[in-house]
Amino acid sequence: MTTSATEQQAANSASSGLSGVESVTGLILSGGGARAAYQVGVLAGIADLLPVGAKNPFPVIVGTSAGAINAVKLASGATHFRTAIHELTDFWQSFRSHQVLRSDWAGVIRQAARFFIRSLLGVGREQVPVALLNSAPLKELLTKRLNLEGIEEAIEARHLHAVAITAFGYESGQAVTFYQGKGSIASWLRHRRIGLPTRLTVDHLLASSAIPLLFAPVKLDDEYFGDGAVRQSAPISPALHLGANRVLVVGVSGNPRGPGAHLAAKRPVSGTQPSLAQIGGHMLNSTFIDSLESDIELLERLNLLSAMMPVATRPSSPVSESSTMQSLSPVEVLVISPSQPLDEIAARHRRELPPALRTFLRGPGATKSSGAGVLSYLLFESGYCSELIELGRRDAMAQKDELLRFLRLA
């Protein structure tokens, strides 16, 4: 997060107009394709903990990649939080691959052929497709299932302060956070990341969730954008820019954190050459997971540093951008992430894939246990998504006491 935990915290009162508010809770929903179903289970568990009729507990909601879809769906229904969670759960439990991408034989073969013939061989005069899969069905699904007008309604009703999604600009090399919020929330500019106010659309969601090479980039204004997790060095910072001073982070790593975690994660070494899918799985993990976990780790270190400083010496107001020591006000953070490896769950559900897509992924090794990391991002089928939702709900209940404290219910 480099300076995000400090510079964004300094922006809380100055940029968002929330001075005087003691506590503003932000929700961070990371990316990860089909893995984002896990987030829905966590949110469903939170909904069960809230009193009947409780308002949206997250005034600031930030999402990236598939997490952006969850974020916007939740924000658009923020006036009726529990109902929005139920609708989001139904949305994911009813998923089928053909609703997200062309998974029929004709669609898979045509897209793959166009990719290899035009992108790799340079044959043909048509615009070169830069995606192995055709995600056109997703636009139709989101247009049908999302009520984006609900965002403004929730903001006007004071059930939501701001919602933001991040996408990556291929030409500028910037991680751009597009946000819609109340009042005059100031935009921001940092190294390789900026924040821009806008009215969110389905195209913003498609851009944020366009996994490189797998899904085609989306044009917003004059630039093409792809998955927001690419080069997103500070995933938590947008929430802090938008006014949050405490955040709940729902990750999708499935990697246990804490002492000895690296020992528990070790697996037998086979000594065989890694498959293309195995390499691709590690690249996807690096894109979607590593930055968030590093950001959380640095935020925790900054909080520890703040706690060690005498209260009288802590900066109480924003200082100059050029200063190396900006506001060190602590940011309360709670992290919930999968307690089980999601690639192992995906491997158990690999037969749910449509035959054409299963055949397409078999060659690179994605249907084998060693390559199931890729599969865990692309398995948009109800059995897999439902198991992730149930896992998310169990993990939320396992941290019930921490959640009750964090949500000020205990």
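How many helices and how many strands does the protein have?

**Figure 1. Overview of the predicted model.** The protein contains 17 helices together with 10 strands, and 55% of its 410 residues count as buried. When contacts between residues at least 6 apart in sequence are considered, 77% of them join residues at least 24 apart.

**Figure 2. Close-up of the contact between helix H3 and helix H8.** The axes of H3, which spans residues 66–76, and of H8, which spans residues 149–156, come within 7 Å and cross at roughly 55°. Because angles from 65 to 115 degrees count as roughly perpendicular and those under 35 degrees as roughly parallel, H3 and H8 are therefore oblique to each other. On the H3 side the contact is made by Val 72, Ala 75 and Ser 76, and on the H8 side by Gly 150, Ile 151 and Ala 154. Sorted by class, this contact of H3 with H8 has 4 nonpolar and 2 polar residues, and no charged residues.

**Figure 3. Close-up of the largest nonpolar core.** This core has 92 residues, and Trp 92 and Leu 248 are those with the most contacts inside it. Helix H2, covering residues 37–49, gives the most to this core, with 9 residues. A second, separate core of 21 residues includes Ile 28, Val 62, Leu 240 and Leu 292.

**Figure 4. Close-up of the surroundings of Leu 248.** Setting aside residues up to four places away in sequence, Leu 248 touches Gly 26, Leu 27, Ile 28, Ile 46 and Phe 58, and also Leu 334, Ile 336, Leu 403 and Phe 406.

Note on methods:
Residues numbered from 1 in each chain as written. Predicted model: local features only at pLDDT ≥ 70, side-chain atom pairs only at ≥ 80, totals over all residues. Heavy atoms only, no water. Helix = DSSP H or I, 4+ residues; strand = E, 2+ residues; numbered from the N terminus. Buried < 20%, exposed > 50% of the residue type's maximum accessible area, 1.4 Å probe, protein only. Contact = heavy atoms within 4.5 Å. Axes fitted to C-alpha atoms, helices over the stretch in contact; angles between N-to-C directions. Parallel < 35°, antiparallel > 145°, perpendicular 65-115°, else oblique. Nonpolar A, V, L, I, M, F, W, Y, C, P; charged D, E, K, R; others polar. Core = buried A, V, L, I, M, F, W, Y, C linked by side-chain atoms within 4.5 Å.
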